[in-house]
Amino acid sequence: MAGYSAPRPRRGSERVGGYDCSIIVGDRRFRLLRSRFRRLISVLFVLFLGWYLLYIGLSAFARGFMAQPVVGNVNVALVFGMSQFASTFLLAWCYSRYARRRLDPLAAQICEEAERRREAYTRMMAERGRMDDWFPADEPAGGGQA
Amino acid sequence: MISATGDGRTLTIALFVVFIVITLGVTFWARANTRSADDFYAGGRMFSGAQNGVALAGDYMSAASFLGIAGLIALSGYDGFLYSIGFLVAWLLSLLLVEMMRNAGRFTMADVLSYRARSRPKVRTAAAVSTVTVSVFYLLAQMVGAGALVSMLLGIHSGGTFLGVSGEAAEVLTIAGVGVMMIFYVMFGGMKATTWVQIIKAVLLISSTVVLTALVLGRFGFNLSTMLGAAADASGSSGFLQPGGRYGQDVRGDTVRTVLNKLDLISLALALVLGTAGLPHIVGRFFTVPDARAARRSVNWAIGLVGVFYLMTLALGFGAAALVGEKAISEQDPAGNTAALQLAHELGSHLGGRLGGDLLLAFIGAVAFATILAVVSGLVLASSTSLAHDYFGHVLMLGRPRESQEVAVARVAAFLIGTLAIMLAVVARNLNVAFLVGLAFAMAASANLPAIVLSLFWKRFTATGALAGIYGGLAGSLLLVLLSPVVSGKVDPETGRNLSLLPKGVDFQLFPLENPGLVSIPFGFLCAIAGSLLSREKAEPQGYDELSVRSLTGLGAHRPA
């Protein structure tokens with residue numbers, strides 16, 4: 001990571017829309033955002049896939065257990081199947097809530113700052129352009145003193 | 001048995017004509033409002049989260065799930081429900097990836113991959129090949145289904161005629177008609193028209209499923225247990241409400257076969273759950289909203305709608321088993337695809353006599369038809385987008401096409417792919433192509449998912465890795481299916497009837513599972529990882545940084561004009 005953290009001045013590429021991403025990658029908040037997001041999706045991925053594979057595994061190998069009645073004609077298999085619906089809704093809700101509270105504000109901050117930096121950079125370039133107009137490049141500025 | 005009387009037929013056709021007229025109107029409106037590439041490929045990125053969520057659900061709930069799952073439950077009991085669950089749970093993976101993809105991409109999956117393979121247009125070609133292959137296989141399954149559905153609805157099943165055309169000719173005409181309509185929607189209306197067609201269809205499909213479910217449950221005093229009991233009694237099989245009726249069957253005295261059957265079930269389950277996030281027509285819909293938050297909202301909407309819908313397949317399937325009966329269903333169609341329609345007829349008749357039956361059947365039939373039409377349009381749009389944007393725009397024109405030129409190519413591509421699909425479907429119309437849906441999911445999971453996931457999360461991923469993953473996963477799953485029992489060498493042990501695609505006697509079956517997912521998905525990931533580690537080229541860290549900044553923060557993401 002350390003290799004990318006040093007701000008390297010370079011012209012904003014087309015792909016990031018004029019934002020210098022080498023500065024952002026080194027930003028502490030960006031790293032926090034990235035680690036939070038990665039933790040979130042790996043936890044959710046393991047949870048939902050594990051829970052689903054448990055259900056499939058039981059359907060394949062534990063038929064006796066799945067056939068046990070719960071209420072009337074409703075058996076374990078049916079309850080388990082419906083709980084997959086419930087868990088899907090629940091996990092989707094958890095993901096969205098976490099993203100709204102812990103990820104979106106962080107991303108918004110990073111974007112805002114990058115936007116400010118880009119504006120400052122644009123202003124600076126415009127300033128330099130004006131100076132170039134006063135001291136055209138082929139006549140080095142202050143050349144008279146040499 | 002459905003009696004396709006003259007009145008019912010006329011009504012089905014009339015309702016369907018109404019649907020066509022409305023959607024044609026939408027298409028003309030969309031044509032007038034489609035100018036840029038953003039409009040054509042991504043509907044101007046102006047759909048709200050809710051609108052796009054309904055459209056996502058519309059794209060996803062194919063006739064295969066509406067008619068197919070209901071039939072599967074009606075004939076084999078609980079095991080049909082396994083499909084419903086797989087189809088829904090899969091959306092969680094899409095939810096985890098959607099924001100990053102929306103932020104990073106422009107129109108297609110290849111846009112996301114291109115950060116890691118800037119100088120390698122070959123990756124674009126690979127993505128286009130995979131997109132078109134997956135879409136065409138899925139398309140084929142849908143269109144063959146449409147032919148069968150319509151000849152049944154019009155009651156020209158065996159040897160009969162309708163308006164002087166034989167059943168065979170009517171099937172060909174239907175396939176061609178569906179094909180022409182989908183080409184028209186996509187060529188003229190692009191993403192705007194396709195999205196509205198999906199929205200209309202999703203609303204129709206879900207509301208009519210709600211009505212059917214309420215009617216079914218009403219017959220059993222709104223008691224789920226009573227309905228299940230009636231279904232189990234009518235089926236006469238003791239294990240009707242338990243898993244094992246169709247998938248992962250226990251074969252007495254043959255442990256190897258039993259284990260293979262169970263592995264086959266797990267293979268199918270994995271393909272369903274991991275394939276959705278790689279389906280091109282679903283991925284393409286991530287880009288039709290203004291930003292990543294709207295994309296998240298739309299997947300949440302889709303999860304809600306798809307969940308409610310698949311939960312209701314329980315009522316449709318078990319209701320059909322209880323009220324129509326297995327015998328009547330398999331008489332009409334041994335695969336059970338007519339179960340939902342027969343159920344509608346039965347429920348309608350119960351309410352309003354013969355007229356009621358005809359009315360409800362006609363309505364549900366028209367909805368099923370609209371479903372097929374909408375889904376195939378989504379598929380054609382996804383593949384023409386990839387051909388025009390990825391192959392023409394970035395490979396042939398080196399990433400510098402004129403926008404108008406690229407959109408024109410997309411329209412032509414829609415025409416060509418649509419025509420190809422019509423021809424293939426006409427050729428395959430008498431084959432049992434239901435396995436193609438599972439295959440399309442397996443291919444999406446084996447070829448597209450590794451490339452997407454690794455390019456988003458793995459720093460050392462390279463262009464060679466992407467190529468190896470896409471081609472490896474695609475070729476692996478195709479080859480395994482070719483060598484599997486669905487293509488050759490599967491015979492019913494009791495009746496001796498041929499259950500494979502190819503005629504009896506041809507047998508080159510080497511791979512024992514019907515769905516390749518269990519092997520081909522890990523193989524796709526393995527190829528992608530090995531390709532990255534073994535290739536001499538260095539990963540481009542700069543591309544990875546840009547991709548992670550953009551995908552996580554949304555900086556520089558494509559916004560509506």
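Radius of gyration first: I take it over C-alpha atoms, and the globule rule is 2.2 Å times the number of residues to the power 0.38. For chain B, with 561 residues, a compact globule would come out near 24 Å, and the chain has 23 Å, which agrees. I also boxed its C-alpha atoms along the principal axes and got roughly 70 × 60 × 45 Å.

Housekeeping: this is a predicted model, so local features need pLDDT of at least 70 and side-chain atom pairs count only at pLDDT 80 or more, while totals for chains, interfaces and linings use all residues. Residues are numbered from 1 along each chain as its sequence is written, and chains are lettered from A and ligands numbered from 1 in the order in which they are written.

**Confidence**

I looked up the scores next: ipTM is 0.93 and pTM 0.92. On pLDDT (the predictor's confidence in each residue, from 0 to 100), chain B averages 90, with 96% of the residues at 70 or above. Chain A has a mean of 83, and 80% of its residues reach 70 or more. Contact here means that the C-beta atoms of two residues, placed from the backbone, lie within 7 Å. Residues 142-146 of chain A also stay under 50, and there I find 0 contacts beyond four places in sequence.

**Where A meets B**

I counted 45 residues of chain A in contact with 40 residues of chain B. On the chain A side, the elements giving two or more residues are helices H2 (21-26), H3 (28-61), H4 (63-67) and H5 (76-134), plus strand S2 (74-75). H5(A) gives the largest share, 16 residues. Helices (H or I, at least four residues) and strands (E, at least two) are DSSP runs, numbered from the N terminus. By class, this side has 32 nonpolar, 10 polar and 3 charged residues. The classes: Ala, Val, Leu, Ile, Met, Phe, Trp, Tyr, Cys and Pro are nonpolar, Asp, Glu, Lys and Arg charged, and the others, Gly among them, polar.

The axes of H3(A) and H10(B) (residues 255-275) come within 10 Å and cross at roughly 155 degrees. Axes are lines fitted to C-alpha atoms, for helices over the stretch in contact, and angles run from 0 to 180 degrees between N-to-C directions. The two are therefore roughly antiparallel (over 145 degrees; under 35 is roughly parallel, 65 to 115 roughly perpendicular, the rest oblique). Tyr52(A), Ile56(A), Ala60(A) and Phe61(A) make the contact with Lys262(B), Leu265(B), Ile266(B), Ala269(B) and Val273(B).

**Inside chain B**

Chain B has 19 helices and 2 strands. I picked two helix pairs.

H5(B) (residues 79-104) and H12(B) (residues 292-323) have axes that come within 9 Å and cross at roughly 175 degrees, so this pair is roughly antiparallel. The residues in this contact include Trp91(B), Glu99(B) and Arg102(B) from H5(B), and Arg296(B) and Tyr310(B) from H12(B). By class I get 14 nonpolar, 7 polar and 3 charged.

H16(B) (residues 435-457) and H17(B) (residues 463-482) pack at about 165 degrees with their axes 9 Å apart, which makes H16(B) roughly antiparallel to H17(B). Among the residues that meet are Ala442(B), Ser446(B) and Pro450(B) of H16(B), and Gly465(B), Gly469(B), Gly473(B) and Gly476(B) of H17(B). The class count is 11 nonpolar, 7 polar and no charged residues.
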